[in-house]
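Let's take a walk through this one together. Have a look at the picture first, and then we'll go chain by chain.

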Amino acid sequence: MRIERSMLADLARGAAFLGSGGGGDPYYSLLLAEAAIERHGAFDLIAPDSLADDALVVPCGWIGAPTVSVEKLPSGREALAGIRRLEQIMGRAVDAVMPIEIGGGNGLAPLIAAAELGVPVVDCDGMGRAFPESQMAIFNIRGLKACPSVLTASCGALTVIETDDNLTHERIARSLSVALGGIAHMVEYPLTGAEARAHAIAGSVSAAIATGAAIREARAARADPFDALAEALRATGLYPHCAILFDGKIVDLERETRGGFSVGRVIIDGFGGHGRMEIEFQNENLVARENGAIRALVPDLVTVMDRETADTITTERLKYGQRVKVVAAAAPAMLREPRALRLVGPRAFGLGTDFAPLEELNGMRGA
Amino acid sequence: MRIGVDVGGTNTDAVLIDGLRIVASSKQPTTADVSGGVAAAIRAVLADGAAAPGAVDAVMIGTTHFTNALIERRRLDRVGIIRLASPSGEALPPLTAWPDALARQVGGEIFLLPGGYEVDGREIAPFDEDRVRAAAQACRARGIDRIAVSSAFAPINAAMEDRAAAVIAAEHPAAVVSLSHSIGRLGLIERENGTILNAALSSLAAHVIASFEQALAGLGLSAPLYISQNDGTLISAAEATRHPVLTIGSGPTNSMRGAAFLTGVDDAIVMDVGGTTCDIGVLAKGFPRESSLSIDIGGVRTNFRMPDILAIGLGGGTRIHRDGADLRIGPDSVGFHITQDSYLFGGSTLTASDVAVAAGHADFGDPTRLPPLGAEARDAIWRRIQAMVADGIDRMKTAPGPVPVIAVGGGHFLVGDGLPGVARILRPPHASVANAVGAAIAQVGAQLEQIVDYDAVPREEALAAMRRAAAERVVAAGGAAGSAEIVDMEEIFLSYLPGRSAQVRMKAVGDLADLGPRRGAGPVAMEARHAN
């Protein structure tokens, strides 16, 4: 599929939903992607199956504080510099790029690299949604190495990280991003084509585009954007279950920083006095309870959306009084495997409960 | 005594207030030159109130004029655009994502220069005075007299923008300069956009504010002139001439503040029922709850704070559609043609007003012209209208219990008694000029935004320092010392940054310090360093 300028807004909208409350504001990522297409023209989205076994595929994304990312904007040279250095280290050219994380602004990040390098974007990503830390990527879960990894910043600084321990890589990268002013571009988990096919979460980029398009088309036709969203998600096959968990307005909100993350909970009162939903978050939404009963658990997606426009509201933008619908979606199957749940399941986030699938918690068909 | 004026799209409303008492009000058609309608409205209230011009202490005007100029792209200046942030930011130059026509009209020269700050206050790059000077010279040489200056993290540290302004003043003294830290909040693109729009309004602002002052002088008024901002607080005429973009959204805010004043209730749902829509807002501590959505002005994305308004398709002119057993309320409306099209006024279109009068909830027009509806049909329509109103209230309120509702606007009778979730309905007199009232009773405001590290300064100390700074800004903007109070505070902890860093926004308001009449020319020239 050729990615044209007109599809970028759909990708941004779908990626925002897949951020499960995190991933930052995709507006600036959208502007950057549009600027890249403006300069270099449209580019290709290719299926993982079309990769040669020994191709070099590089996940890309930004690491840092969303608040900084809307003030200290990129120079536009970061992605190219990082990938060129990686090519030097690996001794060969990069064949394709992919998002490290489809959720939020990072869903569009590799488009900049793709445009500048003239390579395609592979229709897959490393998380299937957004997660707060780099070692939560499927590649770490499956035992692949994050390094060599290259960080670049707008000032021109470039850092190569080499370590065998992926958690150490995340810590170094996080510290670097702070030292560089709060935001940096990172290329990590360089993959062969075979590894990308075996482990990356396939279809997530086109799923984001389809989901975003469905919301836009429904709005234009004055149809229900939430019905369209659910239908489009299920049709992707990647997110097989989708439910609107709740419809109400925000009546309470607690937020604080713990360990560098925005931690808290939001309480939503149902319209007409019908019950209450509470969502706990750590950048991303982790668990949704309705009148005390759990309705969705990480890694399944929970996204709070404006109930009129179906715009996604990230945890940082939650405000008292907002009128919202809470939408949940089943995570891609690979995230529900036991080895994945150890790193991205409820207990990994300090929730004292084991994972239960969305469709079981809500008595849905197909459970 | 004060005079409040609201210049709307159709009407210019004015009120004369003496202390807490509304002495007179007037509704005049808005004129193309704006000041004609303003003069007519003020003349009318002075006459009706039998007040001498010398008895007026202050005049406050709220207008949509500058919004319209940006939407219609009329009389906009060409702007020289300076951004201090390089090497950061070059991937998204100024005017990115602007509608082409507007960018071509407003975009003069663009200069991406080194500078700006990191989140922790370090410089991204040092200020380069030579290059700023060269940019000013280039603007002067090309006849560009309006300059917009933005820099990274300016709301946190304005020093580089101030330095740039000084260099430009020395090199190009005729230039009118807009600085981003005075215009907007965090979000470089949105704030820079607002700054460029502000610069583009410079000539128009000077002309409109001057024409207001001439209108006042022509009426023998020497009281100071204030202009409403989009958050309902006032800025001086001089400040409004410098920062016209801050005055763009005052209408709905003034309407809600007027509703609060007229009822004495500071926490309520306000329903402003017009001819086509009913705008529902939430008053908290006397101010409208703000929306968190981005505000597009003329197709350009900004982050100005506007009231959170839910507009439902129900107004006095809303058409009632009956198709057999099918009943549909609007959303189409006869709008201001109600005085021709509705049954009450001799037409043949069934409107919400017709049903309201038929059901005994209002009394105007000629009820003998109403069609024979039948009690059952009439009551079914009324019940459906009430359900729409109740649903709108339910969607906006945040407390579970019943809330007070203030109904204003020409169609306020559509908000019936006995609605679920409503503690009481307040229907104040002068409801149709609530927006002019809001302008008249407005206070002076100031906002402050900082990123604070609670590991460096303990939270209580940091917040106390910010409160003092906000109060000082209120005084600088013309507020009475000691009257300043903090009416809103927002604290967002910053994930992904070390320590306990938070972005804190505070809003403070105070009473106007100086209400004494001035002899001779001119408004109070307050140097207000106002930051949103």
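How many positive and negative side chains does chain B have, and how far apart do the centres of the two sets lie? Chain B has 46 positive and 58 negative ones, and the two centres are 1 Å apart. Here Lys and Arg count as positive and Asp and Glu as negative, while His and the chain ends are not counted. Each charge is placed at NZ of Lys, CZ of Arg, CG of Asp or CD of Glu.

A quick word on what you're looking at: this is a predicted model, where local features need pLDDT of at least 70, side-chain atom pairs count only at pLDDT 80 or more, and totals for chains, interfaces and linings use all residues. Residues are numbered from 1 along each chain as its sequence is written, chains are lettered from A and ligands numbered from 1 in the order in which they are written, and side-chain values use heavy atoms, with hydrogens and water left out.

Let's stay with chain B. You'll find 14 helices and 23 strands in it; these are DSSP runs numbered from the N terminus, with helices (H or I) of at least four residues and strands (E) of at least two.

Now zoom in on B:Gln447, which sits in strand β21, residues 444-453. B:Gln447 counts as buried because its relative accessibility is 5%. Its side chain makes a polar contact of 3.4 Å with that of B:Asp231. Such a contact is a pair of N or O atoms within 3.5 Å; within protein, one must be able to donate a hydrogen and the other to accept it, and residues adjacent in sequence count only if both atoms are side-chain atoms.

On to chain A, with its 12 helices and 18 strands. Buried residues make up 65% of its 367 residues. One of them is A:Ala115, at 9% relative accessibility, in helix α5 (residues 109-117). Beyond its neighbours within four places in sequence, A:Ala115 is in contact (heavy atoms within 4.5 Å) with A:Ala36, A:His40 and A:Phe43.

Note on methods: Buried < 20%, exposed > 50% of the residue type's maximum accessible area, 1.4 Å probe, protein only.
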